[in-house]
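Student: Could we walk through this one together? I'd like to go feature by feature.

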Amino acid sequence: MGFDLFSFIFIIFSWASLLSMKAEAEAEGIKSARLLDLLIRDYTVKSLDRDLRTGIVHTVTLPANFSGIKVDTVRFRCGSLHRYGAQVKEFHLGSGVIVQPCAERVMVVRQNLGYNWSSIYYANYDLSGYQLVSPILGLLAYNADSDLSYGSPFELGILAREKPIKIDFSNITKASNKTGNWPLCASFEGNGKVTLKKQVSPNVCVATKHGHFGLVMESPPPSLPVRKKISRWKLVVGSSVGAALGAFLLGLLLVAMFVKVKKKARMEELVRRAYEEEALQVSMVGHVRARTTPTI
């Protein structure tokens with residue numbers, strides 16, 4: 001009996017370990033933004049309570065390997081969402097919003113990928129020349145008609161033709177508008193395309209359909225050595241001192257050349273006089289010898 005109980009406990013712990021390893025493998029192997037959406041959808045469905053009231057925001061608990069991602073979901077009736085709109089965290093859906101196809105019940109999922117998981121969009125989209133200054137926010141919708149625990153729901157479209165969807169990044173962005181550089185609204189399409197638009201107000205963007213959104217700014221250019229600005233009077237004084245020093249050195253050079261030339265001329269004069277004196281001495285010696293020679 002003890003052996004059977006031990007085996008049962010071992011099987012339970014092994015099963016829990018396998019689930020943990022599966023979640024870890026999923027988190028480490030995610031390279032696609034689309035795959036991340038599907039995994040978040042599955043965990044959202046598993047966390048839902050069948051008796052969840054319509055219009056109540058429900059926070060989704062994700063495995064520890066997805067730390068940094070915040071997910072919330074709300075159930076709506078399609079007609080009610082169209083008539084009254086809704087507020088789901090940073091997303092404001094105005095009245096007249098259309099869900100296609102219009103299922104009786106709609107599950108709206110809001111994602112905040114955080115800064116770490118938002119980096120996956122650098123690998124899936126061309127953001128060269130820009131950098132994210134906010135986490136990626138996602139707004140997706142799925143059908144919630146049947147018992148979702150027996151299958152994966154299919155994705156629905158959200159269209160806002162009359163009043164655009166407003167997205168408020170005020171509480172999550174790290175950009176400061178005090179510098180005068182306003183971030184741009186980035187909309188990440190499913191086909192890998194990025195659309196950039198201006199904000200409608202500080203840290204507020206608009207969209208006409210569901211998707212993923214963020215704030216971006218132009219990347220700063222490579223830093224160059226900073227040259228200190230020299231005041232005008234320092235420049236004048238420095239130029240004057242440099243000119244005077246140059247003139248002084250030029251004068252020294254001319255004096256040195258003059259002295260060298262003069263010294264060379266003097267040496268040549270001394271050599272010439274020496275040759276003349278030597279020649280004169282030889283001539284005089286020869287003359288004296290000629291006059292003092294004895295006669296035999």
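What follows is a set of questions and answers on rings, disulfides, a helix and a few backbone details.

Tutor: Before we start, this is a predicted model, where local features need pLDDT of at least 70 and side-chain atom pairs count only at pLDDT 80 or more, while totals for chains, interfaces and linings use all residues. Residues are numbered from 1 along each chain as its sequence is written, and side-chain values use heavy atoms, with hydrogens and water left out.

Student: Are the rings of F66 and W117 stacked or edge-to-face?

Tutor: Rings of Phe, Tyr and Trp (its six-membered ring) pair if their centres lie within 6.5 Å; planes under 30 degrees apart count as stacked, over 60 as edge-to-face and the rest as tilted. The centres of F66 and W117 are 5.6 Å apart with the planes at 15°, so the pair is stacked.

Student: Where in the chain do F66 and W117 sit?

Tutor: Helices (H or I, at least four residues) and strands (E, at least two) are DSSP runs, numbered from the N terminus. The two residues are 51 apart and link distant parts of the chain. F66 is in the loop between β1 (58–60) and β2 (70–77), and W117 is in helix α4 (residues 114–118).

Student: Which residues do ring pairs link into a cluster with F66?

Tutor: The structure holds six aromatic pairs. Both F66 and W117 are buried (buried means under 20% relative accessible area, exposed over 50%, partly exposed in between, with a 1.4 Å probe and protein chains only). The cluster that holds F66 also takes in Y43 and W117.

Student: What is the angle between the planes of Y121 and Y125?

Tutor: Y121 and Y125 are both buried. Their rings form a stacked pair with centres 5.4 Å apart, and the angle between the planes is 10°.

Student: Which residue lies over the face of Y115?

Tutor: A charge sits over a ring if NZ of Lys or CZ of Arg is within 6 Å of the ring centre and within 35 degrees of the ring normal. Over the face of Y115, at 4.8 Å from the ring centre, lies K174.

Student: On to the cysteines: what pattern do the disulfides follow?

Tutor: A disulfide is a pair of cysteine sulfur atoms within 2.5 Å, and the structure holds two. C78 and C102 form one, with sulfur atoms 1.8 Å apart, and C185 and C205 form another, at 2.0 Å. Counting bonded cysteines along the chain, the pattern is 1-2, 3-4.

Student: Is C102 buried or exposed?

Tutor: The torsion about the S-S bond of C78 and C102 is about -130°, so this disulfide is left-handed. C78 lies in helix α3 (residues 78–84) and C102 in the loop between β5 (98–100) and β6 (105–112), so the bond ties together parts 24 residues apart in sequence. C78 counts as buried at 5% relative accessibility. C102, at 52%, counts as exposed.

Student: Which strands do C185 and C205 lie in?

Tutor: The torsion about the S-S bond of C185 and C205 is about -85°, so the disulfide is left-handed. C185 is buried at 8% relative accessibility, and C205 is buried at 3%. The two cysteines, 20 residues apart, lie in β11 (residues 184–188) and β13 (residues 204–207).

Student: Which residue caps the N-terminal end of α2?

Tutor: Helix α2 (residues 33–47) has 15 residues and reaches 21 Å from first C-alpha to last, close to the expected 21 Å (1.5 Å times one less than its number of residues). Its buried residues include A33, L36, I40 and Y43. At the N-terminal end, a side-chain oxygen lies 3.2 Å from the backbone nitrogen of R34, and the capping residue is S32.

Student: Which backbone oxygen lies 2.8 Å from the side chain of T173?

Tutor: T173 lies in the loop between β10 (165–168) and β11, and T173 is buried at 16% relative accessible area. Not counting residues up to four places away in sequence, T173 touches Y115, V133, S134, N203 and L215 (contact means heavy atoms within 4.5 Å). The backbone oxygen 2.8 Å from a polar side-chain atom of T173 belongs to V133.

Student: What is the phi of N203?

Tutor: N203 is found in the loop between β12 (194–197) and β13, and N203 is buried, with a relative accessible area of 10%. Although N203 is not a glycine, its phi is positive, at about 65°.

Conventions. A polar contact is a pair of N or O atoms within 3.5 Å; within protein, one must be able to donate a hydrogen and the other to accept it, and residues adjacent in sequence count only if both atoms are side-chain atoms.
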